[in-house]
Amino acid sequence: SFSIVLSTTCVIAHNYIIAPILKMIWPSFIVLEVPPDLWQLLKIGIGGYIVGRSGEKIVNILKSTNKWG
């Protein structure tokens, strides 16, 4: 669901944006590696969201032009 994708995005933002900054301040700061399955889950979730939003917009356009529904 969307909360899983949002949580995964936060983990990735932490690892690639926040953690490098903290690592400059504290060299012993540990950065955890993101498993490949987590990347796949994020790609599927974002792709599904994009397809869903595009579908909603297409339906609204078709409804407003009275060509469907």
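Ile46 lies in helix α2. The exercises below concern a predicted model.

**Exercise 1.** Determine whether Ile46 is buried, partly exposed or exposed.

*Solution.* The relative accessible area of Ile46 is 38%. Buried residues fall under 20% and exposed residues over 50%, with partly exposed in between. Ile46 is therefore partly exposed. As to its position in space, Ile46 is 40 residues from Leu6 in sequence, and their C-alpha atoms are 9.5 Å apart.

**Exercise 2.** Describe how helix α1 and helix α2 are oriented to each other.

*Solution.* Begin with the extents: α1 covers residues 2–25 and α2 covers residues 36–64. Their axes are 9 Å apart, and the packing angle is about 125°. An angle of 65 to 115 degrees would count as roughly perpendicular, and one over 145 as roughly antiparallel. The two helices are therefore oblique to each other. The crossing of α1 past α2 is left-handed.

**Exercise 3.** Compare the span of α2 with its expected value, and examine what follows the helix.

*Solution.* Helix α2 contains 29 residues. From its first C-alpha to its last it reaches 42 Å, which is close to the 42 Å expected at 1.5 Å a residue. Just after α2, Asn66 adopts a positive phi of about 55°.

**Exercise 4.** Classify Asn15 and Ser64 as buried or exposed.

*Solution.* Asn15 is located in helix α1. Its relative accessibility is 9%, so Asn15 counts as buried. With residues up to four places away in sequence left out, Asn15 touches Pro20, Val31, Leu32, Glu33 and Val34.

Ser64 belongs to helix α2. Its relative accessibility is 58%, so Ser64 counts as exposed. Ser64 and Leu42 are separated by 22 residues in sequence and by 33 Å in space, C-alpha to C-alpha.

Notes: Residues are numbered from 1 along each chain as its sequence is written. This is a predicted model: local features need pLDDT of at least 70, side-chain atom pairs count only at pLDDT 80 or more; totals for chains, interfaces and linings use all residues. Side-chain values use heavy atoms; hydrogens and water are left out. Axes are lines fitted to C-alpha atoms, for helices over the stretch in contact, and angles run from 0 to 180 degrees between N-to-C directions. Helices (H or I, at least four residues) and strands (E, at least two) are DSSP runs, numbered from the N terminus. Angles under 35 degrees count as roughly parallel, over 145 as roughly antiparallel, 65 to 115 as roughly perpendicular and the rest as oblique. A crossing is left-handed if the near helix is turned anticlockwise from the far one by less than a right angle, and right-handed if clockwise. The expected span of a helix is 1.5 Å times one less than its number of residues. Buried means under 20% relative accessible area, exposed over 50%, partly exposed in between (1.4 Å probe, protein chains only). Contact means heavy atoms within 4.5 Å.
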